[in-house]
Each structure stands twice: as structure tokens, then as C-alpha cells.
Amino acid sequence: MENLKSVEQFNTYKNEGKYIFLFTANWCPDCRFIEPFLPEIEEKYADYQFISVNRDEFIDLCSELNIFGIPSFIAFKDGKEIGRFVSKDRKTKNEVEQFIESLN
């Protein structure tokens, strides 16, 4: 999974193609919980590009997008937000897959 490098990169990505942004932080135990199954999810849903957004590095972007709990996911397709799975709760592999399925 690629790491977001700038707000400009975020704006470019969200406006072209199909992207799922994972908002996370190094200190977040629930974020570490989902790490083992993320490669499998990325492979299963290869029509989406997955981008990791470090909440601590992009706190203003998170605030702008109303991301107040992590891990959280927001999906964009060609500039339009098509779904969000945003909460402070731990997420299971099944819940993440259900979220992605709901985007189609």
C-alpha cells in the first residue's frame, strides 16, 4: 500500500480513478489489527488503488474530511466520494470487505 506524501497528491488521486484511502497512525492498536489482512484485501479488490494516510502527518486533511476516529476508510471515484467507513471502532476483515462490496 502506498503512503500519501502530500495534500496535493491526495487531491490528484481522489479526482482520477478509483481510490480507497485508509486513515491510520503508528500508535493505533486497531490500525495494527487490520494490517495482516490488508494485502489480501488489496489483491481481492485490485480495481481500487489503496493509499495509506498517516493521521498525524495529515491532521488538517483528516479534520477537513471529518475523520475523527481511526482506522477509517474513504473511497473516491473520479472526484466523487462513493463511500466511507469512518469510526473509532476496530474493524474486521469481513467488515472492511462488506464496505468495499457496498461501493459497487
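C28 and C31 form a disulfide (a pair of cysteine sulfur atoms within 2.5 Å), with their sulfur atoms 2.5 Å apart. This is a predicted model, in which local features need pLDDT of at least 70 and side-chain atom pairs count only at pLDDT 80 or more, while totals for chains, interfaces and linings use all residues. Residues are numbered from 1 along each chain as its sequence is written, and side-chain values use heavy atoms, with hydrogens and water left out.

The torsion about the S-S bond of C28 and C31 is about 80°, so the disulfide is right-handed. C62 is in no disulfide; the nearest cysteine sulfur, that of C31, lies 11 Å away. By this rule, the count comes to 1 disulfide. Both C28 and C31 are buried, the term meaning under 20% relative accessible area with a 1.4 Å probe and protein chains only. C62 is buried as well, with a relative accessible area of 1%.

The largest pocket has a volume of about 220 Å³. A pocket is an open set of points on a 1 Å grid over the protein atoms alone, where a 1.4 Å probe fits, with protein on both sides within 12 Å along at least five of seven lines; lining residues have an atom within 4 Å of a point. Of the 18 residues lining this pocket, N3, T24, R32, E35 and S52 are the closest to its centre. The lining divides by class as follows.

| Class | Lining of the largest pocket |
|---|---|
| Nonpolar | 10 residues |
| Polar | 5 residues |

Technical notes. Buried means under 20% relative accessible area, exposed over 50%, partly exposed in between (1.4 Å probe, protein chains only). Grid points are joined across faces, edges and corners, and a volume is the space filled by probe spheres set on the points. Ala, Val, Leu, Ile, Met, Phe, Trp, Tyr, Cys and Pro count as nonpolar, Asp, Glu, Lys and Arg as charged, and the others, Gly among them, as polar.
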